[in-house]
Amino acid sequence: MRVLMTGGGTGGHVNPAIAIANTIRENEKDSVIAFVGTERGIENKLVPKFNYEVYHIEIQGLKRKLTLSNLKTAYLTVTSVFKAKKLIKEFKPDVVIGTGGYVCWPIVKAAADMGIPTVLHESNALPGVAVRMLEKYVDIVYTNFEATIKRLKYPNKAIRVGNPLINGFESDEKAVSEIKGDYKKIILSYGGSLGALRVNQEVMALMRDFSSKHPEVLHIHASGAIEKESTLALFKEYGLEKYDNLQLVEYIYDMPKKMAAADLVIARAGAMTLSELAMLGKPCILIPSPNVTDNHQYKNAVELEKKNAALVFEEKNLTDGVLTSAVEKLIFDDRKLSEMQKNVRSFAVENTNALIYDGVKKLVERSARK
């Protein structure tokens, strides 16, 4: 199978694309798979690690304010499709798969115009601009949330399959036992790979006011790269370095293991994070980022909150002691944790990667028979 993958802007778009590509390659060793992104996108860092080639196309997103940049965006929205057709003619894909972000538009639209099978995957509860623009033209729209389907204009094309994951987020009992040791409970908290100032501030206060007073609770927090120094300064200012049960790190490299061991996770509400939490059935407190398009993290989090699978706090509502009070009530309430575990687990789809691969394969086979 010859496959062009496209999706960029954030890891939340790129990582699902990599997961789909890896699954196709695992099932079809002779497959030829390449990615299409922009020259400045994060896909240029993430994709080559998995030995896929990245082609580039010039396209950009709309700014929220009226600017001259939006005139260029309008121009590129039209002209990039013609350039994408040239790339497609040279690569000759059997299928084009997009996972969101504005870079999807020219490649997926061009492929649909040329009669090539096209597939989209939407990770977020609220479909993004690119998906809304393209759903009319594609063959299949895969979704992570059931609620997404109701928000599409062409729900008949949509199938809920969950979110494809690169790493296997499954419980490793031996690893969990090693991490947990003699601790009764484990709290895992983080705000993303780069960090989140408000999350770091709130978690440092939580460590000061609650975790430090409970030596039976291991609390691991990742500050992120950008916020590393300021968070460490606060950690020291609060005198937290003297407590053996408090760990402050920049990044968690073995996230599947740490998350599997956690009794409670405090995190942002990106689609990838929620899929990982669901796969492992982790009770969670979500603090959605307010700095994302269409406030989609909040809308993701609300889907879990509706099912009593998570506690959700917007940053604007995190007044003094709110997070600490929530953790204090929840961490030792085994009945509530068990209920949340069951509810969040209901959002998981065990065989997401296989479902997408099987669907793509059948689509390509049907197209070949025409």
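Glutamine 297 touches Arg268, Ala269, Gly270, Pro288, Ser289 and Val292, leaving aside residues up to four places away in sequence; contact here means heavy atoms within 4.5 Å. This glutamine sits in helix H12, where helices (H or I, at least four residues) and strands (E, at least two) are DSSP runs numbered from the N terminus. Glutamine 297 counts as buried because its relative accessible area is 10%; the classes are buried under 20%, exposed over 50% and partly exposed in between, with a 1.4 Å probe and protein chains only. A polar atom of the glutamine 297 side chain lies 3.0 Å from the backbone nitrogen of alanine 269.

This is a predicted model, so to speak of local features takes pLDDT of at least 70 and side-chain atom pairs count only at pLDDT 80 or more, while totals for chains, interfaces and linings use all residues. Residues are numbered from 1 along each chain as its sequence is written, and side-chain values use heavy atoms, with hydrogens and water left out.

S4 pairs with strand S1 (residues 2-6) in the parallel sense over 4 bridges, pairing being called when DSSP finds at least two bridges between two strands. Within that pair, leucine 4 has valine 96 as its bridge partner. S4 also runs parallel to strand S5 (residues 118-122), joined by 3 bridges, and there valine 96 stands opposite threonine 118. Together with helix H4 (residues 104-113), S4 and S5 make a right-handed β-α-β unit; right-handed means that, with the strands pointing away from the viewer, the path from the first strand over the helix to the second runs clockwise.

Then there's helix H8 (residues 197-209), whose 13 residues reach 18 Å from first C-alpha to last, close to the 18 Å expected at 1.5 Å a residue; the expected span is 1.5 Å times one less than the number of residues. Buried residues in H8 include Val199, Asn200, Val203 and Met207. The buried residues of H8 pack against, among others, strand S8 (185-190), strand S9 (217-222) and helix H13 (322-330).

Conventions. A polar contact is a pair of N or O atoms within 3.5 Å; within protein, one must be able to donate a hydrogen and the other to accept it, and residues adjacent in sequence count only if both atoms are side-chain atoms.
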